[in-house]
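Have the model open alongside as you read.

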Amino acid sequence: MDKLLRNKRTILCFLLPGIIVYTISVIVPIIWSAYYSLVEWSGYGDITYVGFENFRKLMVDTEFWDSVIHTLIYAAGQIVLQVGGGLLLAVLLTNIVVFRKPLQVMYYLPVIVSTVALCQMFKKMFGVVPAGLVNQILSNFNPKWGHIEWLTSVKSSLAMVTAVAGYKNMPVYMLIFYSAFLTVPKSLVEAAQIDGANSLQIFTKIKMPHIRPTIFANILLVLNGSLRGFDIAKLLTAGGPINSSQLQAMYMYKQAFSSQKYGYGSAVAMFIVMESLILAILIRWMSSSKKMGGR
């Protein structure tokens, strides 16, 4: 079996289906988007080649840059909520003995629930007219708090989108971190306990360095997912009010499919692709630097 797995043809046979699917679903659409970003097309009729004109317009489009800023704020919030929150929940699970399995199921429920149902639930909870559950509870402390506009305020709409997306996806990273903690050698932990290390020292000096690659991998996954964030923002606030929670993927959708500017929408898509690649390279470089520094 080992000899078979060392055979390059065998390895290629195992990799080939995944490579084909990835090429069709990712590489080919990127190439088509790159082509469409250089043309002006409404989805029907003649295609006019305009070169880099769409990118020139993009550089001076204030609405687009507002969506980029919103996306970066959204991505930073997702790193805190999904990576930080997932890590915290994983630590709690590793230290809980009683009811661990039921808690795992309970924590994972947001992932199982569909995004549409989850957004509808939060719309009802944070509604103003009629007052949702949150405002009803707050009104018992102060009547003015019963009219807080959580989803329709320029100041809070992006924060609500960020919070709901973090709540939805946090359990995925909780399980990844929990699995990573299980790979920490018990012999190291026991040796540290014999040497007199307390729980905090074991966590910071042994467990965290051991799962450092997992942390960087999760940050990379969250960043890539956040830069393409669309569904929750679209369902919860539709990018409003006044585009205050509009993310760059939503702006791409609006330009390509609502305004039928497929060339301009493809230019936005190519910007997202390049942005994701640059951040991925940056995170990988930081991860490599940390490893070299650890040595």
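E63 is partly exposed, at 24% relative accessible area. In this predicted model, its side chain forms a salt bridge with K254, and the closest N and O atoms are 2.4 Å apart. K254 sits in helix α13 (residues 248-258) and E63 in helix α4 (residues 62-95), so the bridge ties together parts of the chain that are 191 residues apart in sequence. K254 is partly exposed too, with a relative accessibility of 24%.

How many salt bridges does the structure hold? The count is two. The other pair to look at is E53 with R56, whose side chains meet at 2.6 Å, N to O. As for E53, its relative accessibility is 28%, which makes it partly exposed.

| Salt bridge | Closest N to O distance |
|---|---|
| K254 and E63 | 2.4 Å |

Back in helix α13, there's also Q255. Is Q255 buried or exposed? With a relative accessible area of 8%, Q255 is buried, because that is under the 20% cut-off. Setting aside neighbours within four places in sequence, Q255 is in contact with Q260, K261, Y264 and G265.

The largest nonpolar core has 29 residues, and F177, F181, I211, I219 and I283 are the ones with the most contacts inside it. Which elements give two or more residues to this core? They are α4, α8 (157-182), α9 (186-194), α10 (199-210), α11 (212-227) and α14 (262-294). Zoom in on I219 and you'll find it touching I79, V83 and I283, leaving out residues up to four places away in sequence. Apart from this core lies another one, of 17 residues, with C119, F122, M160 and M250 among them.

Helix α11 deserves a look of its own. Its 16 residues reach 23 Å from first C-alpha to last, close to the 22 Å expected at 1.5 Å a residue. The buried residues of α11 are I215, F216, N218, I219, L220, V222, L223, S226 and L227.

The surface has a nonpolar feature as well. I11, L12, L15, L16, I19, I20 and I24 form a patch there, with about 620 Å² of accessible area together. L12, one of these residues, belongs to helix α2 (residues 8-36). At 47% relative accessible area, L12 counts as partly exposed.

Finally, zoom out to the whole chain. There are 14 helices and two strands, and the C-alpha trace spans about 75 × 70 × 35 Å along its principal axes. Of the 295 residues, 36% are buried. The accessible surface comes to about 18000 Å², and carbon and sulfur atoms account for 68% of that. Among contacts between residues at least 6 apart in sequence, 66% join residues at least 24 apart.

Technical notes. Residues numbered from 1 in each chain as written. Predicted model: local features only at pLDDT ≥ 70, side-chain atom pairs only at ≥ 80, totals over all residues. Heavy atoms only, no water. Salt bridge = Lys/Arg side-chain N within 4 Å of Asp/Glu carboxyl O. Buried < 20%, exposed > 50% of the residue type's maximum accessible area, 1.4 Å probe, protein only. Helix = DSSP H or I, 4+ residues; strand = E, 2+ residues; numbered from the N terminus. Core = buried A, V, L, I, M, F, W, Y, C linked by side-chain atoms within 4.5 Å. Contact = heavy atoms within 4.5 Å. Expected span 1.5 Å × (residues − 1). Patch = residues over 30% accessible without salt bridge, like charges linked within 9 Å, V, L, I, M, F, W, Y side chains within 5 Å. Areas by Shrake-Rupley, 256 points an atom, 1.4 Å probe, with all protein chains shown as cover.
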